[in-house]
Amino acid sequence: MNRPLLLVEDNDADAMSMLRVSNSIPLGAPIHRVKSGEDAIDYLLHRGAYSDPASSPPPLLVLLDIHLPGLNGLEVLETIRSHPEIKTTPVVMFSSSQEQSLVQAAYRDGANSYVQKPTDLSELRKAAEALSQFWLAVAQLPSVERPS
Amino acid sequence: MNPSPAGAVDLEQCDREAIHLLGGIQPHGALLDFDAKGAVVIASSNTDRCLGRSASSLLGRPLADLFSPSSYAELRQALLSTDLTRVAPLRLETGSEEQYRRVDGLLHRIDGLTVLELEGGSGEPQTDPFGTLRSSLGKLRSAANQRELCQRAAEEVRKLTGFNRVMVYLFDPDWNGEVVGEARDAFADSFAGMHFPASDIPAQARALYARNILRLIADVDAVPAMLIPAQLPGHDRPLDLSCSALRSVSPVHLQYLRNMGVAASMSISLLRDDGQLLGLIACHHTTPLHVPPKIRSLCTFLSELLSGELASIERRDLAEDVAQRSLQHTLLVEQLSGPESLDESLAAAADPLLALGRASGAALLLGDTPICIGQTPSAVAVKAIASWLDENARPELFATESLPRIFAPAQSFAEVASGLLAVRLTRRGAGSVPGHSPSASRYLLFFRPERIKTIVWAGNPSKALAMDEQFRLHPRSSFAAWEQEVRATSQPWTEGDLVAARALKGALVGVVLSRAEHLDSLNRRLARSNEELDAFSYTVSHDLKEPLRGVRQYVDFLREDHGEALGAGGREKLEMLDWLSARMGELLEGLFELSRVGRIDLARAEVSIQELVEDVVRTLVGRLEENRTEVRIPRPLPRLTCDGVRLRQVFANLISNGSKYNDKEVRWVEVGYVAPDEPWPFQAERPGRNWVFYVQDNGIGIPDRFQSAIFDMFRRLHPQEKFGGGTGAGLPIARRIVERHGGQLWLQSESGIGTTFIFTLPLRTP
């Protein structure tokens, strides 16, 4: 089972930047992008389009944008933390905003870190490398227990 | 001439001379003083003349022995009256049964005794007193104004009494008298229109005039008849003669009359309703003249009539005046209530305003800059007048016809403002704004120009009393017209002026209040629209940032994917595109931050400003080292309640500015404070008692003309590439943060030397 990084990002340019970065440097996991918070929850809970568990392997890490249409990032985070089977999933908030109130809210609601999206590619590359270095190489991640 | 041993008095005693205790009477009548049992206790030394018995033989005798039975009965009847002054002169028969003599008797009570003053029978007056009175009444009633009324009164009194000269004399507020009406024959000089100085009738004489309505001096050269015994039995003073018609006369006054060429005089007081002396009817005769009591009481009646008529004319004039001005008042209030600014509407209402105050200039002082209308002193002088009024705690309504006399600086503008009528609209300190110095009182000032006036005095008033070679005092000997030119004096303010001013105050306060209300609602609307603007800027700047990020990202994609194909020229243009969008991003970020500072709630907590600034310096250390800038903190900064996160932004901005806009070899930035109770080291006026922080640098300084513009959003004073760039959003944001805290931020700077940014934080802890 090739567990991906789940990128929740509505903005195509941001998503494309991330995919670009992942193509140019080895992140150690493939990126799976969904475009909305609803899709992210469906993916994690194997619902709707993701009802086949094989098509939605549990992600190693969720990269979660805050400004999303529909369910916003913080609401998605709240949902993840409230479902026992997925609540341990590491979530990195990924936002263009550096507003302190958002940062506070994210950590309060159980984000594992908060990263400001860099604007240009080289900065993004650095950030992505650091993220993969920490989360995929240094950190010990919780194992996934399949709901029976 | 010095007819009495008391003729010489010194100057200090003049105003205090005990005129009512002189102990003698004029010899044209006799005085008897008797006790409750009717026994004579005191008699004047001249009783032989009208009673045919010596004073000493009368002492202890019952009154019944002195008068015919019918006269005695009349006397006893009169004594039943509680107010003896209201009893008409009695016609009494005295002497022995064989040959009764008729005398006029006047009664009054004093010192626990009853005084009977007798004047030699003068026979019935030639004219029918009631006929005379009726015709006098008609003449007085039909007078058009006070002057005419006084003139007619003088004529009527002269007709009744036969004095050579009768003058009606009215006092001004300083007790100088002016001769307003005069009737005379060829033997008397005219004093019409002349002024008599206040010292002519000293205060204690005025008090007596107010008590004794009529006073006759029948012969200035008569030797007074003394009272026997001289002292009031059981007291160590003479009988109080203040209510006596015959009371002898102060030697100074006698001398005054002689100097005027007068041998007999009579004065009748004119009193206001409140008992204040309004004026006098003064009668003079060149030879001794005895006016019998009956005529005198007619004169008294006439004087009361005159006083009443004077007051009613005054009231009528005032009412007419007030009615006349009410039109101007209405016009003015209408004008001022219009939608125009107060300046504009006052300028438009100049005519009714000046007409209302009968003034040639007016100034309205509501704020710092007076609104001047017509001919006024300069704005600075107007403010000086207002401060002087405040400092001297003048009443709410204050009028003077000679401002230069009491306020020396006004001498320089006496021409336009000799007369001042000041109406205080609000008291100093009322309605002051926290954090601002208390507001000055608000005033409406009316000005009247100098009117050089010539006063004709009856003799030189400054020589009212003169010392002779033996240091004895004499009233002035010359009553020849003496002209005095009075400068720095305006037309006096009348009761009507004061009434109009008081009414105007009410109206103006109303207008100002309704304007304040209007302003208040404008402010609320402005605040709301500011909030909306903030919300709008916040949303717009936030929403624009997203697509702009996309633009930059696609520039990156383009460069990565097609950089080779674009060639050097294409790549250069891409660089420019990237730079421009980055710049736009910064501007949006600045706008976003500024609008955010206006919207967020401050998170106030107690903060160590020292730690906060140290932290800021740590954050900026890279840039500070790069600029070789030393940050000095001369003494530890205090702990305060504020929003630390926001205040960090302020210090970060000011410190980095100080280091950035600096061309010195050795650069420094100093951060310090002034505690609320410490002396004030800065140029601008201290805005209230509060904490003050400053960030001072030795940088390039800011020329005066830019010192205000620098706080405009995105305003930069230097080209982009100089001094490391910037968006020009930092200072507006810093100022806004300080203002959100209730403080103020400003700067003082000298080009080339350096700049000091100063900001205050209010004392209050929320």
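This is a predicted model: local features need pLDDT of at least 70, side-chain atom pairs count only at pLDDT 80 or more; totals for chains, interfaces and linings use all residues.
Residues are numbered from 1 along each chain as its sequence is written, chains are lettered from A and ligands numbered from 1 in the order in which they are written, and side-chain values use heavy atoms, with hydrogens and water left out.

Over all chains, the structure holds 19 aromatic pairs, a pair being two rings of Phe, Tyr or Trp (its six-membered ring) with centres within 6.5 Å, counted as stacked if the planes are under 30 degrees apart, as edge-to-face if over 60 and otherwise as tilted. In one tilted pair, B:Y169 and B:F196 lie 5.3 Å apart centre to centre, with 50° between the planes. Because B:Y169 belongs to strand β7 (residues 165-171) of chain B and B:F196 to strand β9 (residues 195-196) of chain B, this pair ties together parts that are 27 residues apart in sequence; strands here are DSSP runs (E, at least two residues), numbered from the N terminus. B:Y169 counts as buried at 5% relative accessibility, and B:F196 does so at 1%. The pair of B:Y538 and B:F592 is stacked, because the ring centres are 4.8 Å apart and the planes stand at 20°.

The charged end of B:K545 sits over the ring of B:F592, 4.0 Å from its centre, a description that requires NZ of Lys or CZ of Arg within 6 Å of the ring centre and within 35 degrees of the ring normal. Likewise, the charged end of B:R448 sits over the ring of B:W493, 3.8 Å from its centre.

Strand β4 (residues 90-94) of chain B is largely enclosed by the rest of the structure, because four of its five residues are buried. Five bridges join β4(B) to the antiparallel strand β5 (residues 101-110) of chain B, whereas at least two DSSP bridges are required for strands to pair.

The largest nonpolar core has 38 residues, and among those touching the most other members are B:I609, B:L647 and B:F693; such a core is a set of buried Ala, Val, Leu, Ile, Met, Phe, Trp, Tyr and Cys residues joined through side-chain atoms within 4.5 Å. A second, separate core of 35 residues includes B:L216 and B:M266.

Conventions. Buried means under 20% relative accessible area, exposed over 50%, partly exposed in between (1.4 Å probe, protein chains only).
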